[in-house]
Amino acid sequence: MQKPLQYYLCGKFITEGNWTHMKRIMPVNEIILMLEGEMYIAEEDRHYVVRANDLLFLRAGHTHYGYQISDAPVSFYWVHYDTLAEGFDRYPTHVTIPVPSTANQLFKQLLHVSSFSPEEAEAALLLLLKELERNAEAGYRPHNAVVDHICKWVDIHLHTNITVSRIAEHFNFNKDYISKMVKREKGIGLKTYILTQRINRAKQLLLNTNASVKEIAGQCGFTDYKLFLRMFKQYEGNTPTEYRNNLYSTQLNRF
C-alpha cells in the first residue's frame, strides 16, 4: 500500500553566482524555500523570479528550467516528495512566506533527521508541509496596504534604532494611531511587532549563518546585548546558543 506522504530527498543548495537551474522533468513534487539571492526559473511557459522568503512549488511531471543566469550568490532549501494526501500537492506555484522563521527551522529539522530513518523524515516533512500550507494560505488574505507598507519598511530597517515615535514621524501619523492600525491588521501593536520581527530575524541568522550571537544581536537592532539575550529567552524559552545548537546537522550541496 502506497504511503499518503513519501519523502525522497532534501538539501540546502548554495552557489556563489553565475548559475542557472538545470532543465528537467521531476517524477515527484519539489518545494524550494529561498534564503538568499534571486533564482530565475520557469515551469512550462511561466517564468518566475524567486527571492528570499519565497516558496516555489514545482509539480511532478512538469518541465522546469532556469531561463536566466543568477549572477549573485543564491541559497535555498529544497525537498522532493510524493503524496496521495489532499492539499500537499495544491500549493501556489510561487508565493511569499509571511513568517519564514518557523519554516526555516522545520526545514533545518528535516535536514537533521533525514539521515536517521524514513519514518522520522516523513514526520518532519509532514510538519514542514503543514506550516507551509498555513503560510501560503495567509499570503492570500486581503491586507491593509498602508499597514503592509509600514511593516515592510520596519522589516528593512530592523537593524537600525527604530522606535514607534520615529516610525510615526516618518509616515506622518500619530504614534498611538499607527500602533492601533498595525494591531488591527497584525494582532499586535507596533512596538511588539518590531520586537517580534527582530527575534524572528535573529532566529533566521542563528540557523543560517555562522555569525556570533553578539553580532546577530547588533544586526537585528539590539544595542543592548543583555536585553537581546533576555528577550530571546523570554520569547523562545532557551538562549540563542541553545536554539542554534538544537538543530546542528545540515546536509549541504554546493554548485
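Start with α6 (190-208), which gives the most to the lining of the largest pocket, eight residues. Helices here are DSSP runs of H or I, at least four residues, and strands are E runs of at least two, numbered from the N terminus. The model is predicted: local features need pLDDT of at least 70 and side-chain atom pairs pLDDT 80 or more, while totals for chains, interfaces and linings use all residues. Residues are numbered from 1 along each chain as its sequence is written, and side-chain values use heavy atoms, without hydrogens and water.

**The largest pocket**

Select Asn53, Ile97, Pro98, Pro100 and Asp155. Of the 41 lining residues, these lie nearest the centre of the largest pocket. Its volume is about 1400 Å³. A pocket is an open set of points on a 1 Å grid over the protein atoms alone, where a 1.4 Å probe fits, with protein on both sides within 12 Å along at least five of seven lines; lining residues have an atom within 4 Å of a point. The volume is the space filled by probe spheres set on the points, which are joined across faces, edges and corners.

**Helix α1**

Move to α1, residues 100-113. Eleven of its 14 residues are buried, meaning under 20% relative accessible area with a 1.4 Å probe, protein chains only. Pro100, Phe107 and Val113 are among them.

**The second largest pocket**

Now select Ile162, Lys191, Ile194, Leu195 and Arg198. Among the 14 lining residues, they are the closest to the centre of the second largest pocket. This pocket holds about 290 Å³ of space. Finish on α6, which supplies the largest share of its lining, four residues.

Conventions. Expected span 1.5 Å × (residues − 1). Buried < 20%, exposed > 50% of the residue type's maximum accessible area, 1.4 Å probe, protein only.
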